[in-house]
Amino acid sequence: MSDEVFRARGWFEETKPSNALTHAQGTNNMLELTPHAGRQPYQSMFDWGVYFPFIAQCLRIKQFEYPQVSSAVEEDAMVQHAIKQAAEQLFREQRVETQKTFKVNGETMRDTDEDGKNYQEILTNQERRAKSILMNMRSTLNHYLIMLTSWLLYKLLPCFLSGVVTHTRQIETLKRASERAPGIPLIFLPLHRSHLDYIMVTFILTNNDIRSPLVAAGDNLQIPIFGGLLRGLGAFFIKRKIDPVIGKKDILYRAILQQYLQHALKMSHNVEFFIEGGRTRTGKPCMPKGGILSVIVNAFMDRSIPDALLVPVSVNYERLVDGNFVREQKGEKKVPESFWKAMAGIWKTLHSKYGLMRIDFNEPYSIKELVQSFNKIVTDNNSHFKVYKPAERTLQHNQSTSSLYGTDVICEEHRTLIDSISREVVYDCAAATSVMSTNALAFLMLTRFRNGGEVNDIAKALDALRDRLKGRKDMAFAGDSLHIVNYSRDLLGEALITRTQNESGQIYLQPVQSIESLIELSYYSNMLTPYFALQSLLMITFHEMLPKPVENKKELDPDNLPGVPRKNLVDAALANCDVLRYEFILHKPTQVLNNLVEISLDELIMHGFIKLPEIKEEPESMAESRKLARNIAAYLDDDTDDSEYATFGQDDEPYNNHYDEKADIFLACETLAEQKALCEVLSPFCHTYLSVAQSISILYKNSMLESEFIKFVINDITSKVKSGACPYAESVSTDSVRNCLKLLEKWSVLEICNDHGLRLLSLGTLYETSKESVKTIVARIAKLVPLKTGHLPF
């Protein structure tokens, strides 16, 4: 028998090559699993599936009915109403431009016959357009194409992936959920990293007898052959830009998209869409977009469906199949997808090695229960927002032809509900994303070993990182840390991390010191950034608040260490969280940020990064007890405030160092290297924000295109990196620049207006009057840039 047969039966474990890693316990490699074939208990040896396991697996997967949605959408009353609305709107616009008037008896009269003919022609054109939109959008999900693609993936994926790893319990939970309530749709919400995500979720669900979902895909993927293949695998295509004219809603397109989703849910189709909108360019989660989610929530609110189960999905790769996003982060234009680009990408992929892929399916939670939990928050807080209650379907109100948020006039409580659910999903996805070996190595290289280090020292640091993450983050790898470091470095390649040997024979690893290489390396490192974000922010804030040392005093006095009051540190950290509100989701909407800051501070104390006065006498159990108490407080206090972050006037100091108050937490001299590494987690983002703040002075008495301003900032950061003024090449990031612009707009520092489809930036009214007011913003953000002088030997 062939090795393929033995592997499928599980009769022997394939000897792993020296450059392979063992995946975590409790997980399975889907490329080696054939649940419907191979040797099974109580199965006849004459079953042909024993000898051809992959063919048998694909032929024996459970067959589901996938009813077509298009016909129901075409006949829907809301779509018909939208066609008339669109025709009337276009008719009115054309009438204003080309109105025919005649002078009869000194009065102006319209040619009503001509108007009637024009309206009928416009109406007919809109009906044709509706059919065209639907034809371009629709999915043609087909069981037989899924079977064929599944067999091809079993054959092709091992060419470039060493495994597609899933967690056994997670799959069992999904199967139970789908079997327990077969009429309730599952809504899969993956964080988006690669174009491969579209197919792999379907591949895993299909081979575990779970109904394949309809997948929302960008219409940029409608390329010859591949677009048709994706459509047959469940993709329905959505325009990247729904409204082609700024300030004018495409009523017809919105209505068709909304009703397509509504009817798909009513027909019990599972649905998958990427809540971030597009692939992450930085490696960390993007801020969520709520349009499609709002349609699904509306379907529950107007009783079109009794409930829906949201399934956050975390996808991660040891090495990204799509290559990298360095060009886009440097501000260069994205190369559009095409047939030949796809063919070249497939050829390159099949002849490369990308290591493991890991997919985690989080615990499903129902929209019904989520709405009830947010109702409780609203009620308990005596909020002015209304309680969210499902209502009878009303054509005039609950269903809209012009908004993906469900109503023509979007009520604030509805928008808040959608935003809260979407942020909860992204937070859960990020928390559940498994740490790949390359994530861990890249994180260490950019925080502890930016200037390089011996491989044995890096392995020890990896041991410490694994201990710190144990029980908090799922590690997608197992084994000896030295082997993991060497394996990860080989996978990332010489272009990102160099390997040399010194005179004593020690292996030395160092990140390649180029802007492109460090941006790409940061992509892998940033998977861990959200986990350490609060601790890093606390550490930066703590160092900034420490009293400045006495002049000419080079060494610290162990008996008289600098410190700050704990309460002041927490307040200052909360203020700084506001600066990063568009960069990270630091907490769930149902959590209190203050409690999480307190817990993070206790962790820093427990790990010896910050000292307490009684630290010498306090046993470790006391620190653990204090941390446990804060965790319980955070669990019990599930109230939320409308203002999750502290809000400060831009002319005011966000915090003050009240040194007359007694300091009760102090600098720990023994862990300065670790403190520096923790500050390095957020330092690249802080330098980007500082450059944006320093650049807004060019808008004084002047307006500028947003795209041109972003180019200016990216060029400025690049110059600083080359001159050494900015030590972080990965600070060259258009994503972070855009996030900072959102922050400054929120603070009313900037005003952004649309002029014929172009976004114009100008200073807000207050900051337009004086250049000095802009300096307060620079000073505000500069407080987040870690110190490199003074009493900290960084």
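Trainee: How many helices and strands does the protein chain have?
Mentor: It has 29 helices and 20 strands. Both are DSSP runs, numbered from the N terminus: helices are H or I with at least four residues, strands are E with at least two. This is a predicted model, where local features need pLDDT of at least 70, side-chain atom pairs count only at pLDDT 80 or more, and totals for chains, interfaces and linings use all residues. Residues are numbered from 1 along each chain as its sequence is written, and side-chain values use heavy atoms, with hydrogens and water left out.

Trainee: What is the mean pLDDT of the protein chain?
Mentor: The mean is 82, and 80% of the residues reach 70 or more. pLDDT is the predictor's confidence in each residue, from 0 to 100.

Trainee: Where does pLDDT stay under 50?
Mentor: One stretch is residues 1–18. Another is residues 405–409. Where pLDDT is low, the predicted coordinates should not be read in detail.

Trainee: OK, burial. What share of the protein chain is buried?
Mentor: Buried residues make up 54% of the 794 residues. Buried means under 20% relative accessible area, exposed over 50%, and partly exposed in between (1.4 Å probe, protein chains only).

Trainee: Show me a helix. Which residues of H24 are buried?
Mentor: H24 covers residues 672–680. Its buried residues are Leu-672, Gln-675, Ala-677, Leu-678, Cys-679 and Glu-680.

Trainee: What covers the buried residues of H24?
Mentor: The cover includes helices H16 (437–447), H17 (455–469), H20 (529–545), H22 (593–606) and H25 (683–695), plus strand E17 (665–667).

Trainee: And contacts across the protein chain?
Mentor: Of the contacts with a separation of 6 or more, 79% are between residues 24 or more positions apart. A contact means heavy atoms within 4.5 Å.

Trainee: Switching to rings. How many aromatic pairs are there in the whole structure?
Mentor: The search finds 15. Rings of Phe, Tyr and Trp (its six-membered ring) pair if their centres lie within 6.5 Å; planes under 30 degrees apart count as stacked, over 60 as edge-to-face and the rest as tilted.

Trainee: Why is the pair of Phe-226 and Phe-339 tilted?
Mentor: The planes stand at 40 degrees, so the pair counts as tilted, with the ring centres 5.8 Å apart. Phe-226 lies in helix H9 (residues 226–232) and Phe-339 in helix H13 (residues 339–350), so the pair ties together parts 113 residues apart in sequence. Phe-226 and Phe-339 are both buried.

Trainee: What about Tyr-523 and Tyr-524?
Mentor: That pair is edge-to-face, 5.6 Å centre to centre with 80 degrees between the planes. Tyr-523 and Tyr-524 are buried too.

Trainee: Which ring does Lys-239 lie over?
Mentor: Lys-239 lies over the face of Tyr-253, at 4.5 Å from the ring centre. The charged end of Lys-284 sits over the ring of Phe-584, 5.1 Å from its centre. The test is NZ of Lys or CZ of Arg within 6 Å of the ring centre and within 35 degrees of the ring normal.

Trainee: Last topic, sheets. What is the order of the three strands in the open sheet?
Mentor: The order is E18-E20-E19, with antiparallel pairing. E18 (704–705) and E19 are the edge strands, each pairing on one side only. Two strands pair if DSSP finds at least two bridges between them.

Trainee: How many bridges join E19 and E20?
Mentor: Six, between E19 (residues 750–755) and E20 (residues 758–763). Glu-751 stands opposite Ser-762 in E20. E19 and E20 form a hairpin with two residues between them, and His-756 in the turn has a positive phi of about 55 degrees.

Trainee: And E18?
Mentor: E18 pairs with E20 over two bridges. Met-704 has Leu-761 in E20 as its bridge partner.
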